[in-house]
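Please examine the sequence and the structure shown below.

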Amino acid sequence: MSTPSLVLPVHDSSQVGTARRAAVAEAERLGAAENESGKVALVVTELATNLTRHGGGGELLLRSLTEPAALEIVAIDRGPGMASVEQALRDGYSTGGTNGVGLGAVQRVADRCEIFSAHGAGTAVLARLRLTSATRSGDVMVAGVSVPKPGESVCGDAWSWHADGTGWSVLVADGLGHGPDAATAAAEAVRIFQQHVTDAAGDVLAAAHAAMRHTRGAAVAIAEVRPARGELTFTGVGNIGGTLLTANGPRSLVSLPGIVGHECRKIQTFTYPWPKGSSLVLYSDGLQTRWSLDRYPALRSRDPALLAAILYRDFARGRDDVTVVASREAAPA
């Protein structure tokens, strides 16, 4: 099961150190060596400092990855945006009276660094640092944000994904309500998904419905992408949203009403064409349903971690658990 995102607010310089210590502690929990923890500290310090100096404050989203161990850090703000990302990456460039080495240092240290910025629409910076020497499959890119309702200690949403030689599948579950009982229900949906990854999505949801009767239930959806066939299937019960993003515009995916584990009258799989270059977004009802990428259409083809983070930043309701998972094929090396 993918771990929930750790949200670190950074609105003034006093919070930079707090964010750095939290990120280093998470890296060490994952088994980071001393030099790897040092890289994490540098990246978080630079990104957090930029949030306070140039973005008017913002948030750092930390997500722990496995197979191999890695730490994903996304800095998001609602500031003025960058006039030129390329210029901002040059050592010595600064708009804030500093020596201007921050983003250039992040780019050199991180195993992956990607920036998305739009004039008047803020900035998102992704830094992903491997904490082992292993490599990951380059066929698919999947990333998500999963954040508890304000005031709750655990997130009642959960998500997971699986890839094989023909494509990938993603599950998102939203436990009924909030808090530990909702988290238990969502985690049970993930457990069944992981046990039955080779089964058809409809069969997985049927198995989850039977296994989750002792829980409060959840909205659950599974999307499966088979790029060679040019095919996407979506099987959902309850209010998990799904959107296919293509060069011709977005397309909403159909989910049927019900609660897995309690009331699930019909499970149906819908099939859609998957044009090359498409992206997929699944989300819980903590995200507004009328979200749009009209302000930043190029975001569709960027790293899914940036896409998920910006949707969270701009369209989270702020009064519910929220999960956003984005995926697409990786670009050729």
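Helix α1 passes helix α2 in a right-handed crossing; a crossing is right-handed if the near helix is turned clockwise from the far one by less than a right angle, and left-handed if anticlockwise. Helices (H or I, at least four residues) and strands (E, at least two) are DSSP runs, numbered from the N terminus. This is a predicted model, in which local features need pLDDT of at least 70 and side-chain atom pairs count only at pLDDT 80 or more, while totals for chains, interfaces and linings use all residues. Residues are numbered from 1 along each chain as its sequence is written, and side-chain values use heavy atoms, with hydrogens and water left out.

Two packed helices are described by the angle between their axes and the distance between the axes. The axes of α1 (residues 14–29) and α2 (residues 34–54) come within 9 Å and cross at roughly 150°. Axes here are lines fitted to C-alpha atoms, for helices over the stretch in contact, and angles run from 0 to 180 degrees between N-to-C directions. The angle therefore makes α1 roughly antiparallel to α2, a term for angles over 145 degrees. Contact (heavy atoms within 4.5 Å) involves, among others, Val16, Ala19 and Arg20 of α1 and Ser37, Val40 and Ala41 of α2.

Strands of a sheet pair through backbone hydrogen bonds, either parallel or antiparallel. An open sheet of 5 strands has the order β7-β8-β9-β10-β13, with antiparallel pairing; two strands pair if DSSP finds at least two bridges between them. At the edges are β7 (157–164) and β13 (269–273), each of which pairs on one side only. From one strand to the next, the twist averages 15°. Within this sheet, β9 (residues 218–226) and β10 (residues 231–237) pair over 7 bridges, and Phe234 in β10 is the bridge partner of Ala223. Helix α5 (residues 179–195) lies across β7, β8 (167–175) and β9, running at about 10° to β7.

Not counting residues up to four places away in sequence, Thr233 touches Ile222, Ala223, Glu224, Thr269, Phe270 and Thr271.

Ser64, in strand β2 (residues 58–65), is also buried, at 12% relative accessible area. Ser64 and Thr3 are 61 residues apart in sequence and 6.5 Å apart in space, C-alpha to C-alpha.

Note on methods: Parallel < 35°, antiparallel > 145°, perpendicular 65-115°, else oblique. Buried < 20%, exposed > 50% of the residue type's maximum accessible area, 1.4 Å probe, protein only.
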